[in-house]
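Hi there,

Here is the structure I promised to pass on to you. Have a look at it first, and then read my notes on its salt bridges below.

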Amino acid sequence: MNIKIRKATIDDCPSIHKLVIELSIFEKEAHQVTITIEDLKRDGFSENSLFECFVALLEEKIVGMALFYPRYSTWKGPTFHLEDLIVQKEYTHQGIGTQLFKKFITYAYRQGAQRIEWAVLDWNENAIDFYKKSGAEILEDWRVVQMTRQQMNHYLNHNSESV
């Protein structure tokens, strides 16, 4: 199998969006996806891009991606957050995810990242095993905390004295 890993381009956004949808279905959260192809184009391929992405191609067809962005740790300095690592279901267990993961790690390392990080669902045993085999540490004592735009709005409108 001849897999090619390369940096995503704006023309890849429809395929990236399709992979995002596939991942959301796998994670049983399809109803949560509100991002559009136009959002991906604007947010990833403008002058002030918010993310970067590698895509995996098999016979010129995009079958996987690793989407990530820079962060900063007050303890470690520059870091990268891997938002999504996905391979289309029919192409899993063929080493494509490993190649994408290695490309992301290589890129982050060369950029001077002091740490990389990502989240994994506690029921996704295949991913957990994959990450453990890579030597990554899964932190059991930290919890992911999120607030949607609607929740931010509610907080801001009901907690004016603390802003």
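A term to start with: buried means under 20% relative accessible area, exposed means over 50%, and partly exposed lies in between (1.4 Å probe, protein chains only). Please keep in mind that this is a predicted model, where local features need pLDDT of at least 70, side-chain atom pairs count only at pLDDT 80 or more, and totals for chains, interfaces and linings use all residues. Residues are numbered from 1 along each chain as its sequence is written, and side-chain values use heavy atoms, leaving out hydrogens and water.

The structure holds eight salt bridges (a side-chain nitrogen of Lys or Arg within 4 Å of a carboxyl oxygen of Asp or Glu). Here are some of them.

Glu90 pairs with Lys61, with 4.0 Å between the closest N and O atoms. Glu90 sits in the loop between β4 (77–87) and α3 (96–110) and Lys61 in strand β3 (residues 61–73), so this bridge ties together parts 29 residues apart in sequence. (Helices, H or I with at least four residues, and strands, E with at least two, are DSSP runs numbered from the N terminus.) Glu90 is exposed at 53%, while Lys61 is partly exposed at 34%.

Glu117 and Arg71 meet at 2.9 Å, N to O. Glu117 belongs to strand β5 (residues 115–117) and Arg71 to strand β3, so the parts they tie together are 46 residues apart in sequence. Glu117 is buried at 18%; Arg71 is partly exposed at 40%.

Finally, salt bridges with shared partners join Asp39, Arg42 and Asp43 into one network.

Best wishes
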